[in-house]
Amino acid sequence: MDAESIREDFPILEREVGGDPLVYLDNAATTQTPTPVSRTFQEYYDGYNANVHRGIHRLSHEASVAYEDAHDRLAAFVGADGREEMVFTKNATEAVNLVAHGLGRQRLGPGKAVVTTEMEHHASLVTWQQIAEQTGAEVRYVRVCEDGTLDAEHAAELVDDDVELVSVTHVSNVLGTVNPVRKLADLAHDHGAAILVDGAQSVPTRPVDVEALGADFLAFSGHKMAGPTGIGCLYGKRHLLEEMEPFLYGGEMISHVTFDESAWNDLPWKFEAGTPPIAEGIALAAAVDYLEDIGMDAVERHENELAQYLLRELAEREHVEAYGPPAGVERTGLVSFNVGDVHGHDLSELLDDRGIAVRAGDHCTQPLHNVLDIPGSVRASFYVYTTREEVDALLDGIEDAASKRDALLASDRYHDRLHDQHRNPTNAGGLPNPTFRKHSAETSCGDEGEFHVDVADDGTIADVAFESDSCAVSTAVAGLLADHLTGEPVEALAELDGTVEDLLDGQYPAMRRDCVVGPEDVIREGATEHLESLQASSED
């Protein structure tokens, strides 16, 4: 596969970031869109923009035919048996929710269970948690082994006749692991359970055939496979989709309505309520055409080669830890890693200064990062246009990362007090018996920490300390706050507003405001909860 030639179809790859060429390595989050796909999108709006299935006029007919054809092309792409088995959603998350509400609510209840894994994306894990809570069912999690693979023996122990559904990611968005879906499908079917496969990371990157996988359901998103945002897909076996009840109502999904009752439309329209993502669906079909012209075997091979190269290179570097299957084991084109004590957000910012876009945080897999015993990770992910030279640029960017971080904090971008606190931290660590403690986990970025506050008998703050798994800026701000608040009345903590801004002379580092203000919010919440607890005790 000629990645250099393919890059000509992606104009965004020609741009610069801060004077450096863009090196886009965040493809597991969202891929870029080639000109043939964006052109298809524009052609719809310029030439035949109309609602589908509703107008007896030429534009509506043309839009309807193109939209229905898009279902056919997506169905064929994953080996489904016709458009009736391909439902368009707005993303993979909605596709998972459709199964959870449409099938899960029907089948689950007390004494029943869902089996999923420790490496699931929140879109799946949280959904099944909520459905289980609402139905009284149990959620069971297959363990992840040290090498980043699933524990097959543990899976066999968990899947029994009480299990109604197995939900598994085909490819981990953190570890790059390619899971043995067929074996899990056979295990589920042996016990009368259905299997839902999260294909968000697999459908864009390798050949996927639902029959070969044994999948009853497959969820995936357009924006991860050179398509537009706002469009996802749910493949479902026809007899299961017919059994399921819709969880969105109105418009397209209705065939007949009276004041007393309603009847649902045929598949797949039964699950596509309201005006559907018409332009997005048509453009996604164009993305499928684009990928098939390249060849999904070639996409898979290209991604694996780049991942193997990066893993080998990272293994040669001290203080770098990569996660998931090691070099030599097949994986998809993503690698998650950490570099020494440099927080992922700091490393991401250093790389961004060189025009290199990566993802840092917990990647919507907080439980998996807890299993790995790390607060977060940096993820580099590739696609059809990624070159080895771009991987080399990443490797060069992480060299001497700690020194680069320290130099960045000492630069004019940050307040001197942040640099001083980073270089000579104060109040770091916990207190043995604090009056109260306040833990915080920032879901949007993965920062995590805890304040310990000791209140004297006269109601003033005797001591403040903190433990932090956060970036350098957030940690430095926590230290500044701890120094500033010692000796203050506890009521002052509950009324904190703008303190950090005053300490930094109103200077917020670019793009890091949440890291600056976050510790202030955490300690304010902790003080408020403490005062409310005292008031409640007094009233008792």
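Which residues does Asn51 touch, not counting residues up to four places away in sequence? Let's find out in the viewer.

**Before you click.** This is a predicted model, where local features need pLDDT of at least 70, side-chain atom pairs count only at pLDDT 80 or more, and totals for chains, interfaces and linings use all residues. Residues are numbered from 1 along each chain as its sequence is written, and side-chain values use heavy atoms, with hydrogens and water left out.

**Stop 1: Asn51.** Select Asn51, in the loop between α2 (35-47) and α3 (58-77). Helix and strand names here follow DSSP runs (helices are H or I of at least four residues, strands E of at least two), numbered from the N terminus. Now show what surrounds Asn51: Ser60, Thr275, Pro276 and Ile278 are in contact with Asn51, where contact means heavy atoms within 4.5 Å. Draw a line between the side chains of Asn51 and Thr275 and you'll find a polar contact of 3.0 Å. A polar contact is a pair of N or O atoms within 3.5 Å; within protein, one must be able to donate a hydrogen and the other to accept it, and residues adjacent in sequence count only if both atoms are side-chain atoms. Pro277 sits 226 residues away from Asn51 along the chain, yet their C-alpha atoms are separated by 9.9 Å. Buried means under 20% relative accessible area, exposed over 50%, and partly exposed in between (1.4 Å probe, protein chains only).

**Stop 2: the sheet.** Next, colour the strands. Seven of them form an open sheet with mixed pairing, in the order β4-β10-β9-β8-β7-β5-β6. Two strands pair if DSSP finds at least two bridges between them. At the edges stand β4 (86-89) and β6 (138-142), each with a single partner strand, so one side of each has no neighbour in the sheet.

Zoom in on β10 (residues 232-236), which pairs with β4 in the antiparallel sense over four bridges. β9 also runs antiparallel to β10, joined by five bridges. Pick Gly232 in β10: Gly232 is the bridge partner of Thr89 and also of Ser221. Five of the five residues of β10 are buried.

**Stop 3: two helices.** Select α12 (residues 344-352) and α15 (residues 401-409), which pack at an angle of about 80 degrees with their axes 10 Å apart. The axes are lines fitted to C-alpha atoms, for helices over the stretch in contact, and angles run from 0 to 180 degrees between N-to-C directions. That makes α12 roughly perpendicular to α15; angles of 65 to 115 degrees get that name, under 35 is roughly parallel, over 145 roughly antiparallel, and the rest oblique. Show the side chains where they meet: Asp346, Leu347, Glu349 and Leu350 from α12, and Ala401, Lys404, Arg405 and Leu408 from α15.

Stop 4: Most residues other than glycine have a negative phi, and most peptide bonds are trans. Go to Leu267 and Pro268, where the peptide bond between them is cis, with omega near 0 degrees. Then select His319, which isn't a glycine but has a positive phi near 65 degrees. Finish at Cys364, with a positive phi of about 60 degrees, in the loop between β16 (359-361) and α13 (366-372).
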